[in-house]
Amino acid sequence: MILVKDVKKIYELEKSQVVALDSVDMTIQKGEFAALKGPSGCGKTTLLNLIGALDIPTGGDIIIEDQNIAVMNKKKRLQFRAKNLGFIFQDFNLIPELTVYENVEIPLLISGIRHKKEKVMKVIEEVGLATHVHHRPGELSGGQRQRVSIARALVKEPPLILADEPTANLDSKTGQSIIELIQRLNKSHGITFIVATHDHFILEKIDRVIPMMDGRIMN
């Protein structure tokens with residue numbers, strides 16, 4: 001499903017260059033639950049951003065669903081993200097003025113999808129927040145807010161969901177429940193998940209761990 005081939009990402013500074021990714025090769029199969037493992041600065045988030053069409057590589061190819069997103073222009077990348085990708089962030093990225101229902105509904109509104117209520121309620125129930133539909137983020141715990149973020153990523157049923165340190169702002173018990181939820185969704189929906197993390201509990205639970213160091217994948 002995902003082919004990353006000889007991908008490089010170089011950031012140009014005033015008097016120097018920073019090599020964030022150095023000739024990365026990786027294949028992720030459809031329906032896999034994989035983790036990018038490594039210390040801060042190893043390139044995990046940079047690689048996730050490239051796979052998520054949030055940035056473009058300096059060189060190489062990233063092929064998802066038979067499309068090379070590395071050569072797409074900004075408009076096509078936006079359309080690709082809207083159709084094929086869901087995102088889970090460590091700081092949740094919820095809109096504080098909106099309810100749980102309204103936050104989860106946003107991707108459907110952007111995509112112009114009709115008959116939204118059934119879809120939205122289904123995923124809210126799946127993440128265990130059926131009794132919190134009208135709550136706003138400020139009225140929720142950290143774990144509940146991350147569940148809203150997961151529901152929002154899931155609501156369009158994208159083939160791929162990317163999660164950047166999804167348990168970083170949660171206590172260990174809550175973080176474990178979030179990862180167990182993601183595992184259940186991975187199996188029940190067949191959605192491919194790629195998680196960037198250094199959380200040992202996550203790494204113990206995930207079938208495939210991809211270690212990274214200094215912008216490279218370590219074999």
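# Helices and sheet: a quick chat

Guide: In this predicted model, α3 and α4 pack with their axes 10 Å apart, at an angle of about 125°.

Visitor: Which residues make the contact?

Guide: On the α3 side you have Val 100, Tyr 101, Val 104, Glu 105, Leu 108 and Leu 109. From α4 come Lys 116, Lys 117, Lys 119, Val 120, Met 121, Val 123 and Ile 124.

Visitor: Which residues are buried in α4?

Guide: Val 120, Val 123 and Ile 124 are, in a helix that spans residues 116-126. They sit on the same side of α4, because the arc they cover around the axis is only 105°.

Visitor: What covers those buried residues?

Guide: The cover includes α3 (100-111) and α5 (142-154).

Visitor: And what comes after α4?

Guide: Gly 128 follows the helix, and its phi is positive, near 80°.

Visitor: Back to α5. At what angle do α3 and α5 cross?

Guide: Roughly 30°, and their axes come within 7 Å. Under 35 degrees counts as roughly parallel, so α3 and α5 are roughly parallel to each other. This crossing is right-handed.

Visitor: Which residues meet there?

Guide: From α3, Val 100, Asn 103, Val 104 and Pro 107; from α5, Val 148, Ala 151 and Arg 152. Val 100 and Val 104 also turn up in the contact between α3 and α4.

Visitor: Let's switch to strands. What's the strand order in the six-stranded open sheet?

Guide: The order is β6-β7-β8-β3-β9-β10, with mixed pairing.

Visitor: How many bridges link β9 and β10?

Guide: Two, in the antiparallel sense, with β9 covering residues 208-213. If you want a landmark there, Met 212 stands opposite Ile 217 in β10.

Visitor: Which strands does α2 lie across?

Guide: β6 and β7. Helix α2 (residues 74-84) runs at about 80° to β6. The helix α5 also packs on the sheet and touches β6 and β7, but its direction makes about 170° with that of β6.

Visitor: Now β4. Which strand do five bridges join to it?

Guide: Strand β1 (residues 2-12), which runs antiparallel to β4 (residues 59-64). In that region, Val 4 stands opposite Ile 62 in β4.

Visitor: How many residues lie between β4 and β5 in their hairpin?

Guide: Two, and Glu 65 in the turn has a positive phi of about 55°. The strands pair in the antiparallel sense over two bridges, β5 being residues 67-68. Ile 63 stands opposite Asn 68 in β5.

Visitor: One last thing. Where does Glu 157 lie?

Guide: In the loop between α5 and β7 (160-164).

Visitor: Why does Glu 157 count as partly exposed?

Guide: Because its relative accessibility is 46%; buried means under 20% and exposed over 50%.

Visitor: And how far is Glu 157 from His 189?

Guide: Their C-alpha atoms are separated by 8.0 Å, though the two are 32 residues apart along the chain.

Terms used:
Residues are numbered from 1 along each chain as its sequence is written. This is a predicted model: local features need pLDDT of at least 70, side-chain atom pairs count only at pLDDT 80 or more; totals for chains, interfaces and linings use all residues. Side-chain values use heavy atoms; hydrogens and water are left out. Buried means under 20% relative accessible area, exposed over 50%, partly exposed in between (1.4 Å probe, protein chains only). Helices (H or I, at least four residues) and strands (E, at least two) are DSSP runs, numbered from the N terminus. The arc is that of the directions from the helix axis to the C-beta atoms. Contact means heavy atoms within 4.5 Å. Two strands pair if DSSP finds at least two bridges between them. Axes are lines fitted to C-alpha atoms, for helices over the stretch in contact, and angles run from 0 to 180 degrees between N-to-C directions. Angles under 35 degrees count as roughly parallel, over 145 as roughly antiparallel, 65 to 115 as roughly perpendicular and the rest as oblique. A crossing is left-handed if the near helix is turned anticlockwise from the far one by less than a right angle, and right-handed if clockwise.
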